[in-house]
Amino acid sequence: MEDLVAPGAGSPPANGNGNGNGGGKGKQAPPKGREVFRSQRRESEGSVDCPTLEFEYGDADGHAAELSELYSYTENLEFTTNRRCFEEDFKTQVQGKEWLELEEDAQKAYVMGLLDRLEVVSRERRLKVARAVLYLAQGTFGECDSEVDVLHWSRYNCFLLYQMGTFSAFLELLHMEIDNSQACSSAVRKPAISIADSTELRVLLSVLYLLVENIRLERETDSCGWRTARETFRTELSFSMHNEEPFALLLFSMVTKFCSGLAPHFPIKKVLLLLWKVVMFTLGGFEHLQALKVQKRAELGLPPLAEDSIQVVKSMRAASPPSYTLDLGESQLAPPPSKLRGRRGSRRQLLTKQDSLDIYNERDLFKTEEPATEEEEESAGDGERTLDGELDLLEQDPLVPPPLSQATLSAERVAFPKGLPWAPKVRFAFLSFFGVHLHRPLRQKDIEHFLELSRNKFIGFTLGQDTDTLVGLPRPIHESVKTLKQHKYVSIADVQIKNEEELEKCPMSLGEEVVPETPCEILYQGMLYSLPQYMIALLKILLAAAPTSKAKTDSINILADVLPEEMPVTVLQSMKLGIDVNRHKEIIVKSISALLLLLLKHFKLNHIYQFEYVSQHLVFANCIPLILKFFNQNILSYITAKNSISVLDYPCCTIQDLPELTTESLEAGDNNQFCWRNLFSCINLLRLLNKLTKWKHSRTMMLVVFKSAPILKRALKVKQAMLQLYVLKLLKIQTKYLGRQWRKSNMKTMSAIYQKVRHRMNDDWAYGNVVSKCHVET
């Protein structure tokens, strides 16, 4: 991460005026070493020509990819062990036939016998039977000829196993292993934990994950029996059965136990993957969430949604990233601004540049973006040191840094293109009229207040709560009220807040609120008392898995389920292990980012105060600087990383004989244009950051404090519309606090924000020259 910090960052400006932008004869040239460093950095970053990434965002990757990420490459030898355990047991029960040749009744009878043989005292015998069950869940690949057959029989066997009661049996075994104090104490005393310390847990979690993932997948060809089994399984996972907590809470307790150091041998990647899929299965994915939102708005009597955000984003085009090499050459050849001011042609050049903003369908948005200034380079270095200091606190007491004092910002006019993809909203708006500023949801009382001021100004008296009578008011006021009423957006959260206020005013007359027992409500109630510990544990693991994190002696070890018993002795083995470790970390980041985003979105729909409570604890645990630290790297390299070996992925490795691995084959990786899980993780983290900072002034100022603008701008080099949209949203909310000079030197970014991001009526994001204290809303 040190290579992202410019040498000498944080030193005083060379011109001595404190802003680093001095001109004229007295300006000193920057140190030669710093200029060379910047030149090399821009050339290295601009040399990668990133094509438009054909990425389709969804709940998860393809079925085969999600199953393959369950296993590390170190575990590949255990596929053979599972097969051997099954065949030894199967031959003692069935003579002269294979599994696929049996009738369904005979298969059910054999599975019942397997579950009976699980209830033995001997751990070795129990583990062998569990491996035989795992082999069935993996698709009995020894009897299959292709990968499609393996996936088909894996899904078939998982439905069969669930119908015979395998989930309940393995859940009981998982409880036993979690409470195994002997294994925990042995792992704590070990100086180095390897994959052998979590064998039983990995087998149990693998079976449970395969059950959840295969049954969760819906297909049109599923029989009525399978559809019924899916709904029964969803209910069993969602609600407390037999006076036990929901399954997701058990997995959350495993995460906190792992982070506390009491159980360092837990296979945390499998736990997080299973937790993410259980939450997705029980609460629903993004499409189900949109359907729930439409249903809830109809129940509350609100108008239907005008658009689906995900569908609108899918229709967007990605903008071209900034070309740092070209900009550097142009900046060296062009005369300084002080000389341009004296020329007659300078105004014509500026007007030409301004007009080019309108032709956004023909020109690249970022092609003529100005290179990063010296002040921006130093800000990146200062921001990185600030992030490191804040994330050190994640291991201690979570704190929130104080916001910056508000700066006086100057307005600037920008020419904007036409054809915006979003319909404007007046839910959160700056209404500026006769010196009055509002920065909160625009409700009925806000329109009443607006009319009250107008009537006092032009008529001299008010009409109370009457918003229809406009007699005596000028025509512009009529048009303003009409526009505000037309575009007013009432969210589900507004209704929920209003209901809470009414309950607080009249608790006796309204009585006790009836809260429906939905899966989301039950999960929140179960998480409530330990929710801060859950959030801190997830962020600690995310910090340890981030590629920008430095190795520390006091950080948690997340590699317990990937490191082999014997460390590699050859270069080839070391390369394979290095790829496996990087892949392991990427999968952890993917699962945590998707899990947190799902939880926030479902809690927000269930009740806005639940969302605010979870968000508050994430902010207290320094989630904002952690995400910024994650993006303080070469994101393009992270998204195009090839930390995978396709011949070792499941189910490919179970069908064909493994070829001899060479250094060239390991370095080549796969043939994909980008890594799906890494791009998925980046988008999820950006969406998470937007959720935390949206309409929160103090958290927006945290983005300014941590110098997030240059970090986020570097992410725009990735040509993917959805990622660029959420980066631009984060830049938009802090634009007014970055100063006039930043806006002048980033006009292409400002144009991209206008083109891609939704706008609010009377929003002064691009020209906020006076930041009034009335705007502040913590």
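This is a predicted model: local features need pLDDT of at least 70, side-chain atom pairs count only at pLDDT 80 or more; totals for chains, interfaces and linings use all residues.
Q: How many helices and strands does the protein have?
A: Helices (H or I, at least four residues) and strands (E, at least two) are DSSP runs, numbered from the N terminus. Here the protein has 36 helices and 2 strands.

Q: What share of the residues is buried?
A: Buried means under 20% relative accessible area, exposed means over 50%, and partly exposed is in between (1.4 Å probe, protein chains only). Of the 778 residues in this protein, 52% are buried.

Q: And how much accessible surface does the protein have?
A: Accessible areas come from the Shrake-Rupley method with a 1.4 Å probe, and for residues only the protein chains shown count as cover. The total for this protein is about 35,900 Å², with 52% of that belonging to carbon and sulfur atoms.

Q: What do contacts say about residues that are apart in sequence?
A: Contact means heavy atoms within 4.5 Å. Take the contacts between residues at least 6 apart in sequence: 80% of these join residues at least 24 apart.

Q: Could you show me one residue in detail? Which residues does Tyr162 touch?
A: Tyr162 sits in helix 6 and counts as buried, at 10% relative accessibility. Not counting residues up to four places away in sequence, Tyr162 touches Phe167, Leu211, Ile215, Ala229, Thr232, Phe233 and Glu236. Take Leu211: it is 49 residues from Tyr162 along the chain, yet their C-alpha atoms are separated by 7.2 Å.

Q: How do I describe two helices that meet, and at what angle do helix 11 and helix 12 cross?
A: Axes are lines fitted to C-alpha atoms, for helices over the stretch in contact, and angles run from 0 to 180 degrees between N-to-C directions. Angles under 35 degrees count as roughly parallel, over 145 as roughly antiparallel, 65 to 115 as roughly perpendicular and the rest as oblique. The axes of helix 11 (residues 247-259) and helix 12 (residues 268-283) come within 10 Å and cross at roughly 150°, so the two are roughly antiparallel to each other.

Q: Is that crossing left-handed or right-handed?
A: A crossing is left-handed if the near helix is turned anticlockwise from the far one by less than a right angle, and right-handed if clockwise. Helix 11 passes helix 12 in a left-handed crossing. Among the residues that meet there are Phe247, Leu251 and Phe258 in helix 11, and Ile268, Leu272 and Leu275 in helix 12.

Q: Which classes of residue make up that contact?
A: Ala, Val, Leu, Ile, Met, Phe, Trp, Tyr, Cys and Pro count as nonpolar, Asp, Glu, Lys and Arg as charged, and the others, Gly among them, as polar. The contact of helix 11 with helix 12 has 13 nonpolar, no polar and no charged residues.

Q: What about helix 4 and helix 6: at what angle do they cross?
A: The axes of helix 4 (residues 104-118) and helix 6 (residues 147-163) come within 10 Å, crossing at roughly 60°. That makes helix 4 oblique to helix 6, and their crossing is right-handed. From helix 4, Glu104, Gln107, Lys108 and Val111 meet Tyr156, Leu160 and Leu161 of helix 6. This contact has 4 nonpolar, 1 polar and 2 charged residues.

Q: How many residues of helix 36 are buried?
A: Helix 36 (residues 747-756) is mostly covered, with 10 of its 10 residues buried. Among them are Met747, Lys748 and Tyr754.

Methods: Residues are numbered from 1 along each chain as its sequence is written. Side-chain values use heavy atoms; hydrogens and water are left out.
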